[in-house]
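Keep the view open as you read.

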Amino acid sequence: MKKKIAVIGSGNFGSAVARHVSRNVAQKKGLQNVWRKQVDMWVMEETLTDGRKLTEVINSDHVNVKYLPTASLPQNLVAKPELADAVKDASLLIMVPPHQFVRGISRQIAQMLTPKQKKEIICLSLAKGIEFDKKKKVIRRMSQVFQDETGVKAAQLAALSGANIANEVAADMYADTTISALSATVRKELFGLFNTDNFVVELSTDVTGVELGGALKNIIAIAAGVIDGLGYGNNTKAAVIRAGLIEMMKFGSFKKLGHVAQKETFLSSAGVGDLITTCFGGRNRMFGEQLGKMWKDNPAAAHTVSLEQLEADLLHGQKVQGAHTAEEVYAVLKAFGLTKAFPVFTSVYEICHKRKDPRTLYRH
Ligand SMILES: NC(=O)c1ccc[n+]([C@@H]2O[C@H](COP(=O)([O-])OP(=O)(O)OC[C@H]3O[C@@H](n4cnc5c(N)ncnc54)[C@H](O)[C@@H]3O)[C@@H](O)[C@H]2O)c1
């Protein structure tokens, strides 16, 4: 029996990745014997301004007009408004919602999996962020959140992360990425599914490092954007990015935090590659730039601005992951008495959530 792929999440990156994978299963040599041609994508249903449903538009016009209007989607990608329909019979779940929704969605999925699926399903997590349980002082990466809720084994988990800004992936511009999994079979299978001439996959066994790199760089991207918005130069921005990379690596290797990432992973696409692209493009940088501009041009407004409003005005439904992640990482640092050891992470938290003057960013 051929295996079914379900993409869970249909935002900007969710749609870009669903497009890539659907096209590969339809066209790439050797995949048709293994995978079903139809790929299902769960779409949280929305009614658009013209009264049409988003799933209907995707399935009839083959474009996600709300989250990825610049690219056409393959005909074998089918939008499903019901999560259960997408999950039914799936062998591979590509989990790509904004990270704050991963636990809730995973909890629902747990109710939908058959015992066979529970034993065999592979979950490839693309969501970038972490969760912190303040009571237990435990960090959970997004693949672990899925594991907590569904009870699958660690060998069934994988993560993909890299310098992969969605609109560029969807425009078929060259990019590399990192896929990590503990199981060699899973790594091989995912390599076959994702690797192409212009989306080049490198494999890793360091799931921790790959997921932490993807989550933490969004905090640094906000810092880089703030520097842009304040009108400081590239030297200042480079100084902040460099300090940020050091903090990412330090956070990843702190045994006290209950995890150990490999240092080399921070030199992969999931580490410095993603950090660079996000600090120059991407929505977290843009969000930081807007904050920096406000501090420069209208500090009174910067003192009172609502982050949710700023996010809505700037991104029209897309989510800024870095501000959430800064809050979660700050809770970790506070719980372990480490805020002083991570000045960039701490400053970004304070700028976003405590309205702190952002010029503190380059003073360490
Ligand atoms: N956009 C990128 O360039 C990019 C690149 C790599 C990784 N990522 C990661 O991929 C993940 C998804 O990002 P994206 O760009 O596809 O999403 P997005 O920011 O475009 O988010 C919008 C999506 O969130 C969904 N959503 C809104 N409210 C929801 C709710 N209450 N419950 C469930 N879903 C809800 C919407 O239906 C929509 O599909 C994130 O973790 C992000 O960090 C994004």
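Predicted model: local features only at pLDDT ≥ 70, side-chain atom pairs only at ≥ 80, totals over all residues.

Eleven of its 15 residues are buried, so α15 is largely enclosed by the rest of the structure. Buried here means that 20 or more other C-beta atoms lie within 10 Å of a residue's own. To find the helix, look at residues 321-335; from first C-alpha to last it reaches 21 Å, close to the 21 Å expected at 1.5 Å a residue. Its buried residues include Gln321, Gly322, Ala323 and His324, along with Tyr330, Val332 and Leu333.

What covers those buried residues of α15? Among the elements doing it are the strands β6 (130-133) and β7 (138-141), plus helices α9 (207-230), α12 (283-297), α14 (307-315) and α16 (343-353). Past the helix you'll come to Gly337, which has a positive phi, near 65°.

Last stop, the ligand. It is surrounded by 24 residues, the closest being Gly11, Asn12, Phe13, Lys128 and Ala166. By type, the shell splits into eleven nonpolar, eleven polar and two charged residues. Helix α1 (residues 12-27) supplies the largest share, three residues. Both domain 1 (3-205) and domain 2 (215-362) contribute at least three residues each to the shell around the ligand.

Conventions
Residues numbered from 1 in each chain as written. Near = placed C-beta within 6 Å. Helix = DSSP H or I, 4+ residues; strand = E, 2+ residues; numbered from the N terminus. Nonpolar A, V, L, I, M, F, W, Y, C, P; charged D, E, K, R; others polar. Domains from an automatic or database assignment. Expected span 1.5 Å × (residues − 1). Buried ≥ 20, exposed ≤ 12 C-beta atoms within 10 Å, placed from the backbone. Contact = placed C-beta atoms within 7 Å.
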